[in-house]
Amino acid sequence: MGVNRCICRNVPFTQIALVAREVGNDLAKLSEKTGCGTGCGMCLPYVKHMLRTGRTTVPVLSHHEIAELMKGEQVPPK
Ligand code: FES
């Protein structure tokens, strides 16, 4: 079992990966283009993990992993 989409906006990571090819891996731009992260924001570390690994299904992350992935990021992206 893993996370494969922004649940709030029902945006699959496969779609976010395609948009990232056009706009790059910037979370704010991806959020603006797809709506991901504009609800609860819980998908953002999973989106970052997906962007780093290329895996569009991400295992459930620990609090530590989430904190590491989100270092320096504004949440929600501005
Ligand atoms: S799961 Fe993406 S904003 Fe809530």
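A residue is called buried if 20 or more other C-beta atoms lie within 10 Å of its own, exposed if 12 or fewer, and partly exposed in between, with C-beta atoms placed from the backbone. The model is predicted, and local features need pLDDT of at least 70, side-chain atom pairs count only at pLDDT 80 or more, and totals for chains, interfaces and linings use all residues. Residues are numbered from 1 along each chain as its sequence is written.

Ala67 is exposed because it has 11 C-beta neighbours inside 10 Å. Ala67 sits in helix 4 (residues 63–69); helices (H or I, at least four residues) and strands (E, at least two) are DSSP runs, numbered from the N terminus. Between the C-alpha atoms of Ala67 and Val11, 56 residues apart along the chain, there are 23 Å.

Helix 1 (residues 13–23) has Phe13, Ile16 and Ala20 as its buried residues. Seen down the helix axis, these fall within an arc of 50°, so they line one face of helix 1; the arc is that of the directions from the axis to the C-beta atoms. Thr14, Leu18, Arg21 and Glu22, on the other side, are exposed. The buried residues of helix 1 pack against strand 2, strand 3 (11–12), helix 2 (27–34) and helix 3 (44–53). After helix 1 comes Gly24, with a positive phi near 90°.

Arg5 belongs to strand 2 (residues 5–6) and is partly exposed, with 19 other C-beta atoms within 10 Å. Leaving aside residues up to four places away in sequence, Arg5 touches Asn10, Val11, Pro12 and Phe13, contact being C-beta atoms, placed from the backbone, within 7 Å.

Definitions and conventions: Two residues are in contact if their C-beta atoms, placed from the backbone, lie within 7 Å.
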